[in-house]
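Trainee: Could we go through this model together? I'd like to check each label against its cut-off.

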Amino acid sequence: MIRALELAEAAGNAGDVPVGAVIVGANGQMLAEAENRRERDHDPTAHAEVLALRAAGQKQQNWHLNDCTLYVTLEPCPMCAGALVLARLGRLVYGADDLKAGAVRSVLNVPDSAASNHPLPVLGGILESACRQQLQDWFRDRRKLTDC
């Protein structure tokens, strides 16, 4: 999660919402990492989770990520939660709950819905304070810039 926080900081410094993601394989080896790039790439799907899934699939030459764990600083949105289920991800570990758009536990529960064809073990709240504070600081600083 420390590496995901570093990636999130880089995203925030580049003007994107600070979210970072890391995918680790069964042997503990990092397969992929990504940060939010929606603003830079002009792509609404360029969330850290989606970019990390793409990179891990390419590295493994397989879109099935059953033996992998995704670490992400913020609870995934509906798009990302759906992608995690479709990738057959082995486990999700996230930092802060997203009380506005979280689709794993907070607002929706995509992994446990009747539409989900894959059980996704989830562990939330890892380095929660640091993840939440990073987001709050970034949005506070953004509001200050627009108030000028």
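Trainee: Which residue in β2 stands opposite A21?

Mentor: That's A34. Before we go on: this is a predicted model, where local features need pLDDT of at least 70, side-chain atom pairs count only at pLDDT 80 or more, and totals for chains, interfaces and linings use all residues. Residues are numbered from 1 along each chain as its sequence is written, and side-chain values use heavy atoms, with hydrogens and water left out.

Trainee: What makes β1 and β2 a pair?

Mentor: Strands pair if DSSP finds at least two bridges between them. Here 5 bridges join β1 (residues 20-24) to β2 (residues 30-35), so the pair qualifies, and the strands run antiparallel. Strands themselves are DSSP runs of E with at least two residues, helices are runs of H or I with at least four, and both are numbered from the N terminus.

Trainee: How many residues sit between the two strands of the hairpin?

Mentor: There are 5, and G28 in the turn has a positive phi of about 85°.

Trainee: Why is E35 called buried?

Mentor: Buried means under 20% relative accessible area, with exposed over 50% and partly exposed in between (1.4 Å probe, protein chains only). E35, in strand β2, has 14%, so it counts as buried.

Trainee: Which backbone atoms does the side chain of N36 reach?

Mentor: The side chain of N36 reaches the backbone oxygen of V17 at 3.1 Å, and one of its polar atoms lies 2.8 Å from the backbone nitrogen of A48. N36 is found in the loop between β2 and α2 and is buried, at 6% relative accessibility.

Trainee: Where does UniProt place the "binding site" feature?

Mentor: The unreviewed entry puts it at H47, C77 and C80. UniProt positions are given in the numbering used here, feature names are shortened, and annotations may be inferred rather than shown by experiment.

Trainee: How do you know that they gather at one spot?

Mentor: They span 34 residues in sequence, yet no two of their C-alpha atoms are more than 9.3 Å apart, so they do gather. The lining of the largest pocket takes in H47, C77 and C80.

Trainee: What do H47 and C80 touch?

Mentor: Contact means heavy atoms within 4.5 Å. Leaving out residues up to four places away in sequence, H47 touches N36, R38, C77, M79 and C80, while C80 touches H47, E49 and V50. H47 is buried at 15%, and C80 is buried at 1%.

Trainee: What makes something a pocket?

Mentor: On a 1 Å grid over the protein atoms alone, a pocket is an open set of points with protein on both sides within 12 Å along at least five of seven lines, and lining residues have an atom within 4 Å of a point. The largest pocket is lined by 22 residues, and helix α5 (residues 128-147) gives the most, with 5 residues.

Definitions and conventions. On a 1 Å grid over the protein atoms alone, a cavity is a set of points where a 1.4 Å probe fits but cannot get out, and a pocket is an open set with protein on both sides within 12 Å along at least five of seven lines; lining residues have an atom within 4 Å of a point. A polar contact is a pair of N or O atoms within 3.5 Å; within protein, one must be able to donate a hydrogen and the other to accept it, and residues adjacent in sequence count only if both atoms are side-chain atoms.
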